[in-house]
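The tour below moves from the whole chain to individual selections.

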Amino acid sequence: MLGSYRSTRRSKNRLDRRLNVETLETRDTPTASAISASFNGTKINAGSTIWFSAVAKFSGLGTAPTMVHMNNSAIDFTVGTTKYHVIVPNEDLQITPGATSASIVFDGTDNDWDNSVPKSNTGDVFMTGVGLPVTTNLPGGIKNVTWQANFWSDTTGVTVSWQWGAAVYKSFDTDYNNINVKPVDSNTLSAYKNKDLAGTPEAFKSQTTGGGTGSGGTNYTGNFTAYKSVKASFGDGMSDYPFPSDNPRTSIAFNESTVLRAANLDLVNGQFEVWYNDEHALALGVGTVNVTTSTGTATTSYPIAPLTSNPGVAINPAMGSTATDGDQAGTDVSSRPLSPSLFITDITNNPNDRSGDWQYGGTAIAPSAVFGTWKSFTRNVNKTTGVVTVDTGTDPAKNNWNLGTGSDAQPGVLSNEGYGAEIRWSLTDLQSRGVLIPGHNYRFYVMVHDGDQNKSGGDAGQASYQYYYPGTTGGTATLSGTVVVDTGDRNIGPEDVPAVGITVQLVDGMGNVFTQVTDSNGAFSFSVPAGTYTLQMDLSNKPTFVDMFPVIGTESGIAGDPPDGSLNTTTSGAHTVANITLVANDTAAGYILGIYDTATDG
């Protein structure tokens with residue numbers, strides 16, 4: 001079933017989902033939000049389970065897919081002298097414009113809910129939930145039950161309006177994939193075509209009873225609190241710096257991370273791309289250093305790519321002084337490189353390794369190309385006063401998001417403050433230099449400076465993402481399989497018959513959809529550009545059909561990738577197969593997708 005697929009796949013390749021286009025995150029403190037409520041007067045018996053669930057609505061969503069994360073979540077309350085601190089699983093929610101179904105998988109390998117929902121017509125969306133086994137009788141009327149969480153999004157300007165409820169169940173299951181949580185309020189977008197609220201554990205509805213914030217009966221989630229709106233922080237929760245330590249660099253603050261608008265690991269074209277936009281042009285580096293002593297001022301010039309047109313294009317751009325310390329350093333007053341810099345750490349064996357970051361002495365990698373607008377800086381070192389300043393020079397004319405010949409269009413709708421740039425690193429070059437090894441997981445840490453530098457320590461932005469790197473690709477790959485109609489046991493097997501005329505889709509990281517319709521043998525086959533995909537079915541024209549957990553095929557082009565999946569034993573649910581990474585000339589086969597007809601197998 002899909003759960004065993006995810007376990008196998010992600011233990012080998014935990015980070016491959018990050019290959020999609022993603023908006024880069026600020027390193028600021030995450031947005032924290034807390035909601036307090038009281039339980040009703042019903043006692044809660046030992047042996048039962050309190051099901052806490054949080055749901056939300058969203059505003060500020062754009063036209064591109066958006067990720068929302070609810071992390072570091074916990075519920076606290078006190079009964080007598082006993083303090084309860086309930087850790088809640090994290091949540092990764094994919095919101096996709098134009099999608100026609102909603103689904104949930106609980107990933108036990110990293111203890112989080114992976115949810116996927118359409119942008120529209122969902123009602124409330126399930127965010128996360130946790131079951132608290134009750135080991136000692138609890139009184140009614142428990143007060144100040146507080147749920148706190150951090151909210152992040154990979155898109156700026158997203159507001160989350162959330163609320164929570166608590167229902168009591170006489171019996172429950174510790175495997176959350178078995179409780180069949182309803183992902184959205186809608187009675188059409190999920191497998192649960194009923195009026196139940198998002199967060200309902202459909203498999204255990206008969207076991208609900210009074211207590212918590214619920215009254216039992218059909219009150220499957222408990223009464224929800226009032227909504228609380230919070231602006232999600234910009235990122236995915238991997239906030240690292242600043243923090244205090246015996247290494248002074250970890251304490252240095254970054255105050256302009258929002259100038260980093262988006263990033264993309266493009267395996268087809270073999271490049272890592274970052275998009276910048278601000279009210280001033282990008283700092284490309286230090287082109288001039290003035291050192292003043294008691295005898296006068298000495299000026300040293302360094303080659304730096306000129307902006308000969310607007311917008312401009314520079315391949316393998318010269319970026320001024322490459323010195324990292326001393327009077328001639330091409331750095332700000334906090335010793336950070338003023339030129340756009342990429343730092344890479346191999347985290348295959350240690351996902352928490354930060355040794356390649358600037359803070360730990362990592363080597364800055366210069367970009368292979370820059371598009372749009374930029375400018376050169378002047379560093380002034382006054383030896384008589386001990387003061388170092390940076391002259392930012394004059395901005396060119398605004399180019400907005402016009403980035404010039406050969407540039408990549410910015411993904412989705414990104415903020416525009418007047419000056420745009422794309423910064424690009426060649427993955428092919430990094431692989432040839434041994435910096436990147438196919439099949440390894442990496443941390444990409446990016447640092448840039450904007451064009452005014454008027455804040456203490458300099459206006460600097462930082463961002464980091466984790467990527468699985470299968471190797472540069474290019475070319476095409478194929479993926480094939482079959483769709484079968486279940487014959488009655490809701491278990492995909494050889495007795496099932498071909499499903500003819502079913503729409504099957506592959507969706508890439510940019511949201512592009514490739515479509516095939518099954519033939520008379522229930523077969524489908526795609527020939528697509530190498531990349532990372534999600535496999536799904538569109539059953540919108542088959543209103544009585546429901547899809548089942550698939551049997552996962554194999555991808556022959558991925559070294560060491562074992563055959564995944566097993567026969568399905570789950571009775572319901574809308575499901576996709578995510579993070580299928582296809583390299584050039586790969587042949588991925590054996591994907592078996594099952595459906596059953598509720599009209600005849602209800």
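Among contacts in the protein between residues at least 6 apart in sequence, where a contact means heavy atoms within 4.5 Å, 73% join residues at least 24 apart. This is a predicted model, in which local features need pLDDT of at least 70 and side-chain atom pairs count only at pLDDT 80 or more, while totals for chains, interfaces and linings use all residues. Residues are numbered from 1 along each chain as its sequence is written, and side-chain values use heavy atoms, with hydrogens and water left out.

**Whole protein**

Display the cartoon: the protein contains two helices and 36 strands. Both kinds of element are DSSP runs numbered from the N terminus, helices being H or I of at least four residues and strands E of at least two. Of the 602 residues, 55% are buried. Buried stands for under 20% relative accessible area, exposed for over 50%, and partly exposed for values in between, with a 1.4 Å probe and protein chains only.

**First stop: Asn180**

Select Asn180 in the loop between β10 (159-169) and β11 (208-211). Its phi is positive, about 60 degrees, although the residue is not a glycine. Asn180 counts as buried because its relative accessibility is 15%.

Move to the loop between β18 (296-301) and β19 (312-315), where Pro311 is found. Select Asn310 together with Pro311: the peptide bond from Asn310 to Pro311 is cis, with omega near 5 degrees.

Next, select Asn316, which lies in the loop between β19 and β20 (341-346). Asn316 has a positive phi, near 45 degrees, in a residue other than glycine. Is Asn316 buried or exposed? Its relative accessibility is 59%, so Asn316 counts as exposed.

Finally, select Lys542 in the loop between β32 (531-538) and β33 (545-547). Lys542 has a relative accessible area of 25% and is therefore partly exposed. Which residues does Lys542 touch, not counting residues up to four places away in sequence? Display Gly501 and Ile502, which Lys542 touches under that condition.
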